[in-house]
Amino acid sequence: MKWNRSIKNMTLSAMFVAIGVVLPFFTGQIPRIGNMLLPMHIPVFLCGLICGWQYGAIVGFVLPLFRSVLFSMPVMFPTAAAMAFELMTYGLAAGLLYGRSKWQCVIALYRSLLIAMLSGRIVWGFVQMIFLGLGGNRFTWKAFMAGAFLNAIPGIILQLVFIPAVMVALNRTGLVHFHRHQPQPQKVKENQ
């Protein structure tokens, strides 16, 4: 059973990488639109939520680097390299928080998404500060706020609408299950 789950998660993870490679083409390879709609973020969040934090973290780290190698978009350094840490954090945090939620429902889903989004943006800011510092440049608070939040508002809204809609649809089909974690029965020690 566990082996089948691992194969399923690896297959789904490969599918999410493929979706993440193709999805930015819908923004017309225009970086400004891509920076607003954040198309690579969606499959990473879904992977973390559906497959678990381990798979979400790996897909998140690999996806921007893989896409940069294939298409030179985003540019490898510092953009794709910083995005790798950001997306890794998204997949890890969303999957971990949602997987450990007592109730796996839409409310837990939103809570996990919001915390993961904030965490990923903070990680992105730290990585950008380090990478730009290595090149002798400064990463200002204004640049962080613009890159992490202000320019990303359309993408954040899209994620907060689309990802829960996909999860609800998958729940209705039975591919993903909203449920409450049941407490594990404790073994009763026999009197000896």
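This is a predicted model: local features need pLDDT of at least 70, side-chain atom pairs count only at pLDDT 80 or more; totals for chains, interfaces and linings use all residues.
1. Ground rules. Local features need pLDDT of at least 70, side-chain atom pairs count only at pLDDT 80 or more, and totals for chains, interfaces and linings use all residues. Residues are numbered from 1 along each chain as its sequence is written, and side-chain values use heavy atoms, with hydrogens and water left out.

2. Aromatic pairs. The structure holds 7 aromatic pairs. Rings of Phe, Tyr and Trp (its six-membered ring) pair if their centres lie within 6.5 Å; planes under 30 degrees apart count as stacked, over 60 as edge-to-face, the rest as tilted. W141 and F144 form a tilted pair, 5.5 Å centre to centre with 40° between the planes. W124, W141, F144 and F149 form one aromatic cluster.

3. W141 and F144. Both lie in helix α7 (residues 141–150), 3 residues apart, so about one helical turn separates them. Helices are DSSP runs (H or I, at least four residues), numbered from the N terminus. W141 is exposed at 64% relative accessibility. F144 is buried at 10%. Buried means under 20% relative accessible area, exposed over 50%, partly exposed in between (1.4 Å probe, protein chains only).

4. Helix α6 against α7. L118, R121, I122, W124 and G125 in α6 meet A143, F144, G147, A148 and F149 in α7. Contact means heavy atoms within 4.5 Å. The residues of this contact divide into 7 nonpolar, 2 polar and 1 charged. Ala, Val, Leu, Ile, Met, Phe, Trp, Tyr, Cys and Pro count as nonpolar, Asp, Glu, Lys and Arg as charged, and the others, Gly among them, as polar.

Note on methods: Helices (H or I, at least four residues) and strands (E, at least two) are DSSP runs, numbered from the N terminus.
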